Amino acid sequence: MPPKKKSDLAISVEEGMEVDATDSGSEDEARRRSRNRRVKPQRKVKCVSDDDEDEEEDEAPRKRGRKKRAKPQDSDEDDEEDKRSVKNKGSKAPRSRAAKVEREDDSEDERETKKKAGKAVPKKEKEEKNLEKKGNVKGKEEKEKDAEKNKKKKKGKLSSSSSDSSSSDSAEESLSEGEIEALKEQVEEKKQLIATLRNKPWRMKRRLLMLKEAQDFVEKFEGALGKGKGRKFYAFKVMMTKKLIKFKRDFENFKTACIPWERKIKEVESHFGSSVASYFIFLRWMYTLNLVLFGFQFGLVVLPEIMMGLPYGSIPRKTVPREEQATAMDLSVLLDFGGYSQYSFLFYGYYNNEKMIGLLKFRLPLSYLLVGIGIFGYSLMVVIKSMARNANEGGDGSDEGDFIFSWKMFTSWDYLIGNPETADNKYASITTSFKESIVDEQENQKDENIHLRRFLRVLANFLILWCLGGSGYLIYFVVKRGQMFAQMNKEDLTWFQKNEVEFVMSLLGLVCPPLFETIAELEDYHPRIALKWQLGRIFALFLGNLYTFLFALFDDVNEKLQNEKLIKNATEWALQEYQANYTAYFNTTAVPPQVVNPADVIRGPCWETAVGIEFMKLTVSDIQVAYLMILIGDFGRAVLVRFLNYCWCWDLEAGFPSYAEFAISDNVLGLVFNQGMIWMGAFYAPGLVGLNILRLLSSMYYQSWAVMACNIPHERVFKASRSNNFYMGLLLLVLFLSLLPVVYTIMTMSPSFDCGPFSGQDKMYNVVMDTINQDLPSFISNIFSYATNPGVIMPAVLLMVLAIYYLNSVSKGYQQANKDLKKKMQIARDEEKNRRNNKDSTNQVMKDLEDLLPNKSLIPPPAEEEEETPIDVVVSKGKKSLKTKQGAKQDGVNLERDVSLAAPNPRAPVTHGPRPRERPPVNTRGPLPGPGRGRGRGGPPR
Amino acid sequence: MGNKQTTFTEEQLEAYQDCTYFTRKEILRLHSRYRELAPHLVPLDYTNSPDIRVPLTLIVTMPELKENPFRDRIVETFSEDGLGNLSFNDFVDMFSALCETSPRELKTIYAFKIYDFNRDNFICKEDLKKTLNKLTKGDLTSEEVALVCDKAIEEADLDGDSKLSFADFENMISKAPDFLSNFHIRI
């Protein structure tokens, strides 16, 4: 507050009157009296009034809420006087009759300014009175006034030491309970202000100022409140909140510092706009999700087994069988996840079924199962949470189609774009979309050959269905063939035969999407719709492939289970045989256990590990294909185009091959499906999540490099959906679909008898049952046995159904209410609009908007283009006021138009900005009538 | 900050954090970006908040704004003098309002200011025409422009005064799906 000195002056002026104000019940009256007295000096000395208000701001922060109009002035005041007077005039002009005339008088500049200066004073006074009136009316605010009063008195006592530093110690004794309450309230309000300051559309300077003030206030009065008996707790609380806020902020700072790849994404964003960047943000999100999953998997399953479990080679399941040992270390075998990697912690089979391991008595099997399920639980939670958040962010979009043009106009430019090429594309795409909409608007139906198109669309769908079916069958066929190969001798197989399944799946994923795109050309949809179809089809393809693969795998597993039974019988039989022989030979029943090298033990096929290996291979081949495609399809193409262009007969860069575009939808779908495979496979291959982490990490760097180096921005940028929720929805669906097979196997299949943490159990979930029955107190197992009783389950299910029904109807009710409210709001808004012209009170937003107008004195001269404005305006406005026309004919009359329009509205939203530019012409228009000038004019008409 | 020269006092940083959506690191980065624009003009030491303004022509060379068709308007809107000369406060203000975390209400207000070319607190046909021409680089014919402007007003104007007031604008933009994702600048 620069003008402190002046405010001192003002205070001292008041002092005399303030002192005699008693703090009895009639305080209010006294206050009013004193105010009235004060007003007089103000009228005479302008600067005093100025300061007075200044001071008032200090003393009555609470008032600010109420006296909206006075507020901005307060804070601006410290700048300079003339600015303020301009403003006063601005908001005042429309109210006075003189203002209308003012338009016509274009002559003397000085005259007007004089007038302004004069006007400011009466206005001020009036405001003051207003204020007071309000104060009187609102009884509930008396309390706080008391507090103010008190403060003022204090000030008085201190003989106008510059207010704020006034002693809070003298304050305490005079504070009564009610006052304290009021003060507290005020302090809370200030705090609220501090918290929401950043949401206020004010200039930074003003914000900083307000912040400072509020903080000082809080500081001072919190101190006061904190002193004295019984207030220690309050002081403590205040201190703790302060600390907490500080900590929160530091933590927030730390957190944002930890977000990786911020710069990288920004770089991509500025090159390609927000849609490509959304892919990378999605990738980063996936990475964090997987990091957490990896934490679970590694910390609760892998690490305990490695640290506390038996070492490699101690038991059969942790040993490479004798016949495989020769090749177990070969790279080709390792890359196929055979040999040592098959019998490592990467796969299900490695884990021992010992109930508790190590010093900590860690229940590994239980933890394995719980983590396997927990991964799904956690993912589900996170996906749904972020979906909910996204849903809140997006506009409600209920009136889709109502605002086609306005939306295009105001929201189509992507402010993130920072690359000339992208910008050009964006311009082009915006132009096209406008043209399209114009055409749509001009002729809504233009189906010249609807039959042909329908036929083509049916044909296209038929072709695509055929493709989908074909690819499904192909996969089934290949998996079956793979099983046949698996029974043959491994050495006889070529590399292709061994990796046929993965190869074919990747190939299909590679070939089919472009094929679909080509077929979709037949359909001739709008690109946005076409994109949706395309996404749906690719989704169906991937899903079909994955599920065919799974079914084929289940066949395989069942076969293995049969096989396993035979082996199990054979082993048992061999064991019995051995025992019988031993007994017969040594004639003793104490049979020592058979000593066999773990490598030589007969073992079952361990179908879980086999499934895990399948998923592992699939993931690896997926990575390979994806990376190769980027290298060849994007990088290779870019290199060729760039360098062959020097010696080619047509322009390669602009013409046929050109550079590749970044296919967002394909990439996102690829990511989603990859994640699906991870979810499915993680139970059988705990190492899969780790592998995925590596993949995501490398693809972040690799893809962001590739996209910057060899891709060009899209020619037509379309967003797949209005928010990321589309991707999230896909992810949720995939999560659900990958949950099904895993839960199915856990619940129905019996685990292998000689490998994995559940070996020897009939069903995997028996681990949980055992723990409940044996290790927990009996009453809990009782509870569980009751809970699993059909008599309890049925009502529970029923209850849930009822709850769902109830919630559903409630949400429908809310929706309805929402709709009604919206309608009401609309109506209210319309009404308000209609009334706006003659309403004094204003909404805060308008006020703030006005406040944002630049410094009047520095306004640039009007741009040339603006000169044509008025004519148009007149046409549109003509019906409203004829007066405008006259004004409009002069150049640069924009503002005047507004003045005249806004004349009935004291708010005069727009006036100031342009006024200074226009001042000379305005003044020349005619003499300003006498009553308008100086303070002789008297109060403005109400 | 070790022996590095301090740019802001702790207090200033706290105040900025209270008033914007930025973390302290971001504020410091903003300052360095601001300083980059005019190294000879902007001091490293901001502890006594010097009153320095960087002109519009320099501001719009920032890569974040360079390609934006509304860059001049953005800068003008946030400058206190309306000419586009930004003090550091204005500069921070600008990026705070345009950052990802700022709420829709605030963005709406500033968007309105930006699209209100003639600063009369209404978006009239002239403003729309200018917006459209900037968006399409003047590729549309004048009839097309007129049609689009008419349509836009028809869609969004609730009170029938043939121009968009803030309420109209707010109502329209609050339903736009792309507004939040597109109306932000990352610094």
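Start by selecting Cys606(A) and Cys755(A), which are joined by a disulfide with an S to S distance of 1.9 Å; the term stands for a pair of cysteine sulfur atoms within 2.5 Å. By that rule the count over all chains comes to one disulfide. Turn the view along the S-S bond of Cys606(A) and Cys755(A): its torsion is about 95°, so the disulfide is right-handed.

Before moving on, a word on what you are looking at: this is a predicted model, in which local features need pLDDT of at least 70 and side-chain atom pairs count only at pLDDT 80 or more, while totals for chains, interfaces and linings use all residues. Residues are numbered from 1 along each chain as its sequence is written, chains are lettered from A and ligands numbered from 1 in the order in which they are written, and side-chain values use heavy atoms, with hydrogens and water left out.

Cys606(A) sits in the loop between helix H24 (527–586) and helix H25 (607–644) of chain A, and Cys755(A) in the loop between H28 (725–748) and H29 (766–775), so the pair ties together parts 149 residues apart in sequence. Helices here are DSSP runs (H or I, at least four residues), and strands are runs of E of at least two, numbered from the N terminus.

Are these cysteines buried or exposed? Both Cys606(A) and Cys755(A) are buried, where buried means under 20% relative accessible area, exposed over 50% and partly exposed in between (1.4 Å probe, protein chains only). Select Cys710(A) as well: its relative accessibility is 2%, so Cys710(A) counts as buried. Cys19(B), at 0%, is buried too.

Next, go to helix H10 (residues 166–173) of chain B. Six of its eight residues are buried, so H10(B) is largely enclosed by the rest of the structure. Among the buried ones are Phe166(B), Phe169(B) and Met172(B).

For the next stop, display H13 (residues 232–258) of chain A with H1 (residues 10–19) of chain B. They pack at about 80°, with axes 12 Å apart; axes are lines fitted to C-alpha atoms, for helices over the stretch in contact, and angles run from 0 to 180 degrees between N-to-C directions.

Finally, select residues 534–554 of chain A, a span that is 100% helix and 0% strand, with end C-alpha atoms 30 Å apart.
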